[in-house]
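The following exercises concern side-chain contacts in a protein model. Please work through each task before reading its solution.

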Amino acid sequence: MHQTPANQGLGQSGAGAGAKRTLALVIPTLYEAGNIRPLLERARRTLDALGIPYELIVVDDDSRDGIDAIVDEFAGEDRRVRLLTRVGQRGLAGAVIHGWANTDASILGVMDADLQHPPELLGQMWKALTGGADVVVASRYAPQGSRPNWNRFRHLLSQVSIWMTLPLQRPGVRVSDPMSGFFLVRRSAIEKLELQQQGFKILLEVLVCGDIRSAVEIPFRFGHRQAGRSKANLRVGLDYLLLLGRLWKRREKLTTEDTKVRKGKA
């Protein structure tokens, strides 16, 4: 077991083994042992083709389902693969923040472990980010993106959730899929943020509160879960509503501070 202490901020990062990485992709897991092997194989194959220094950080919430042995197998032959285990803590956002805080990479990323996010998309996402974007989002709602396996209720719930974010998103960097769990972002754009540890929708907070000046969406087809079970439940919905409330307060504070700065320069 690779238990690691909690880290709160991103400014003072704990470096991983070896030289500084350009990209750190965090894969949060909870009962995903059935998916992690093909995911790591596909992600490594895609990132190897890019020819960049990278690392894959699996952050597991103490699943005890055998995932540690599988990741250790990869790590034994490739030091770019690491496992961090959180004990007594649960939640996707907290796991992602923990992974980001334990790397010195200048580009930070996250993707789900259930294979619904295609690792092969990382090449296009990397190209868009190196083209100047601050954040690149794998989008189910961008033109040519799709969600073929969803029923009507899930479609409706997702669209209502996105609609609720529209007043929060800033003009010029508004995206069609702010709920995506698959994205890359520059560390410099979020290193001053105190990101919320609870919840599942970390991208929305990055877009609303981060120093994001340009955002690009890459469409993709949302796939089938290959193994394990979905973590969506009533608590996830409650966490989302609480996040919206916190973001409204933070957005109002940022707007007030910005207004005072502009008046001071006038």
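The model is predicted: local features need pLDDT of at least 70, side-chain atom pairs count only at pLDDT 80 or more, and totals for chains, interfaces and linings use all residues. Residues are numbered from 1 along each chain as its sequence is written, and side-chain values use heavy atoms, with hydrogens and water left out.

**Exercise 1.** Classify the aromatic pair of W100 and F183, and locate both residues in the chain.

Solution. Begin with the criterion: rings of Phe, Tyr and Trp (its six-membered ring) pair if their centres lie within 6.5 Å, and planes under 30 degrees apart count as stacked, over 60 as edge-to-face and the rest as tilted. The structure holds 2 aromatic pairs. For W100 and F183, the centres are 6.1 Å apart and the planes stand at 80 degrees, an edge-to-face arrangement. Next, place the residues: W100 belongs to helix 3 (residues 92–101) and F183 to strand 6 (residues 183–186), 83 residues apart. Here helices (H or I, at least four residues) and strands (E, at least two) are DSSP runs, numbered from the N terminus.

**Exercise 2.** Describe the salt bridges R37 to E73 and R86 to D61, with the accessibility of each partner.

Solution. A salt bridge is a side-chain nitrogen of Lys or Arg within 4 Å of a carboxyl oxygen of Asp or Glu. In the bridge of R37 with E73, the closest N and O atoms are 3.1 Å apart. R37 sits in helix 1 (residues 33–50) and E73 in helix 2 (residues 67–77), 36 residues apart. R37 is partly exposed at 31%, as is E73 at 45%. In the bridge of R86 with D61, the N to O distance is 2.8 Å. Both R86 and D61 are buried.

Methods. Buried means under 20% relative accessible area, exposed over 50%, partly exposed in between (1.4 Å probe, protein chains only).
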